[in-house]
Amino acid sequence: MLEQRARELLAEEPGGAGAAVASGAAPGRCTLVGEHVDYVGGMVLCCPVDRGVAVALRPSADGRWRLVSAGRRVERPTPEPAGDVGDRAFAAAVVLAAGGIRLPALEMAVAADLPEAAGLASSAAVCCAAMVAMLRLAGARLPTGRFVELALAAERDVVGVPCGPLDQAAVVGLPAGGAVLLDCGRGAADVVPWHLETAVLVACDTGETHDVGGAGYRERRAEAEAALRMLGATCVGRIEPCDVAAAARLPEPLDRRARHLVTETQRAVTAASALASGDAATLGLLMSASHASLRDDYEVSTPALDAAVGAALAVPGCLGARLVGAGFGGTAIALVDAPAAEGVRMAMKAAVPGSRGAWRLAHAPGLAVTATDVLEG
């Protein structure tokens, strides 16, 4: 449906070069446990979700690069970043060209039901959807690992966002579906079966947009890297038990930043076991503990996020809740018994006056399942 919407949007653009020639779609990402540890080699439990982004494209008749998205239009002579809504989609062409897959100038349209700047990896989804469409246009295929590398390079190296590998790896997912336990230090990913029979996810977009490339995110990443250097570790996965006590002796606020990195990675591993065994109660507790750590030790929550989480936890049947994504705004999620989902949804939305909506959020197949025509291995 999203790809069809994107194709229709492109066909409606005046002065174009005809119907869309290729299209692609990518899901968003929901982190269950394991936030702000991907860029220091930690463990993350996450899954692709049933909201996403689609991109339709066609060659440009006059050699100009154009894009339309949510009523915004951009045009430029090259795909290089210009600080506007076209950057992430066009960045896919930049990295593909550097990898030997050259494309003509393109006209593109973006359609989405994934909230923008809400902590659900909309930026990575745009990059990945655009890359899928471009590969289809070029008649090319990429190994799955290489696709993830290029999608990360598009956002990190071309657009200049200091992100880790979490979002791109989660959007691609694994062929077996379910959730993914990412070891960001080793670059490994394991399937975690989704054995929650009666529990569902509810999401609330607080209406506070977050910028993963913003000052707060950059500051936290710098603090995390400084803490690791002082502990003599290259990634959080190499912090020994004896180093945890040393972390408590780091200067403020590095002591609390290090504590979050260590405990969040541990929580992600335990959460994966809980999910695989169908232990929704334990998973919910770990999600709530993750939020408390992100709020108190990493200081990336906001009053709106805290209000949404608190409102969810006050409803009987809510098993746990947390902010999702980089924080500083965005979305809160709750794990709830299915009969309580509507009550939690209404409570979260009512608790945040500026909310852009609340809804049930389901895990969904990633690109490893839906884009096998352009991904291999």
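This is a predicted model: local features need pLDDT of at least 70, side-chain atom pairs count only at pLDDT 80 or more; totals for chains, interfaces and linings use all residues.
**Exercise 1. How do helix α2 and helix α4 pack, and at what angle?**

Step 1. Locate the helices. Helix α2 covers residues 87-98, and helix α4 covers residues 144-158.

Step 2. Read off the geometry. Two packed helices are described by the angle between their axes and the distance between the axes. Here α2 and α4 pack at an angle of about 115 degrees, and their axes are 9 Å apart.

Step 3. Classify the angle. Angles of 65 to 115 degrees count as roughly perpendicular. The helices α2 and α4 are therefore roughly perpendicular to each other.

Step 4. The crossing of α2 and α4 is right-handed.

Step 5. List the residues in the contact. From α2 come Arg88, Ala91, Ala92, Val94, Val95 and Leu96. From α4 come Leu150, Ala153, Ala154, Glu155 and Val158.

Step 6. Sort the residues. The contact of α2 with α4 holds 9 nonpolar residues, no polar ones and 2 charged ones.

**Exercise 2. Describe how α2 packs with α3.**

Step 1. Take the values. The angle between α2 and α3 is about 50 degrees, with the axes 8 Å apart.

Step 2. Name the arrangement. Because of this angle, α2 and α3 are oblique to each other. Their crossing is right-handed.

Step 3. Find the residues in the contact. On the α2 side they are Arg88, Ala89, Ala92, Ala93, Val95 and Leu96. On the α3 side they are Ser123, Val126, Cys127, Ala130, Met131, Met134 and Leu135.

Step 4. Sort them. The contact of α2 with α3 divides into 11 nonpolar, 1 polar and 1 charged.

**Exercise 3. Which way does β5 run against strand β2, and which way does it pair with strand β3?**

Step 1. Start with strand β2, residues 43-59. Strand β2 and β5 run antiparallel, joined by 7 bridges.

Step 2. Turn to strand β3, residues 65-69. Strand β3 and β5 pair in the parallel sense over 4 bridges. Here Leu67 has Met108 of β5 as its bridge partner.

Step 3. Check the cover. β5 is mostly covered, with 6 of its 7 residues buried.

**Exercise 4. Which two strands form a hairpin with 4 residues between them?**

Step 1. Look at strand β7, residues 179-183, and strand β8, residues 188-192. These strands pair in the antiparallel sense over 5 bridges.

Step 2. Pick out a pair. Ala179 has Val192 of β8 as its bridge partner.

Step 3. Inspect the turn. β7 and β8 form the hairpin, with 4 residues between them. Gly187 in the turn has a positive phi of about 70 degrees.

**Exercise 5. Examine the backbone at Ala117, Ala121 and Pro253.**

Step 1. Ala117 sits in the loop between β5 (106-112) and α3 (122-138). Ala121 lies in the loop between β5 and α3.

Step 2. Read phi. Ala117 has a positive phi of about 55 degrees, although it is not a glycine. Ala121 is not a glycine either, yet has a positive phi of about 65 degrees.

Step 3. Check the accessibility of Ala121. Its relative accessibility is 7%, so Ala121 counts as buried; the cut-off is under 20%.

Step 4. Move to Pro253. Pro253 lies in the loop between α7 (241-247) and α8. A cis peptide bond joins Glu252 and Pro253, with omega about 0 degrees.

**Exercise 6. Is His260 buried or exposed, and what is Arg221 in contact with?**

Step 1. His260 is in helix α8, residues 254-277.

Step 2. Judge the accessibility. The value is 0% relative accessibility, so His260 counts as buried.

Step 3. List the contacts of His260. Leaving aside neighbours within four places in sequence, they are Glu35, His36, Arg267, Ser293, Leu294, Asp297 and Tyr298.

Step 4. Compare positions. His260 and Asp87 are 173 residues apart in sequence. In space they are 32 Å apart, C-alpha to C-alpha.

Step 5. Arg221 belongs to helix α6, residues 215-231. At 18% relative accessibility, Arg221 counts as buried.

Step 6. List the contacts of Arg221. Neighbours within four places in sequence aside, Arg221 is in contact with Tyr39, Pro162, Cys163 and Gly164.

How values were computed: Residues are numbered from 1 along each chain as its sequence is written. Side-chain values use heavy atoms; hydrogens and water are left out. Buried means under 20% relative accessible area, exposed over 50%, partly exposed in between (1.4 Å probe, protein chains only). Contact means heavy atoms within 4.5 Å. Axes are lines fitted to C-alpha atoms, for helices over the stretch in contact, and angles run from 0 to 180 degrees between N-to-C directions. Angles under 35 degrees count as roughly parallel, over 145 as roughly antiparallel, 65 to 115 as roughly perpendicular and the rest as oblique. A crossing is left-handed if the near helix is turned anticlockwise from the far one by less than a right angle, and right-handed if clockwise. Ala, Val, Leu, Ile, Met, Phe, Trp, Tyr, Cys and Pro count as nonpolar, Asp, Glu, Lys and Arg as charged, and the others, Gly among them, as polar. Two strands pair if DSSP finds at least two bridges between them.
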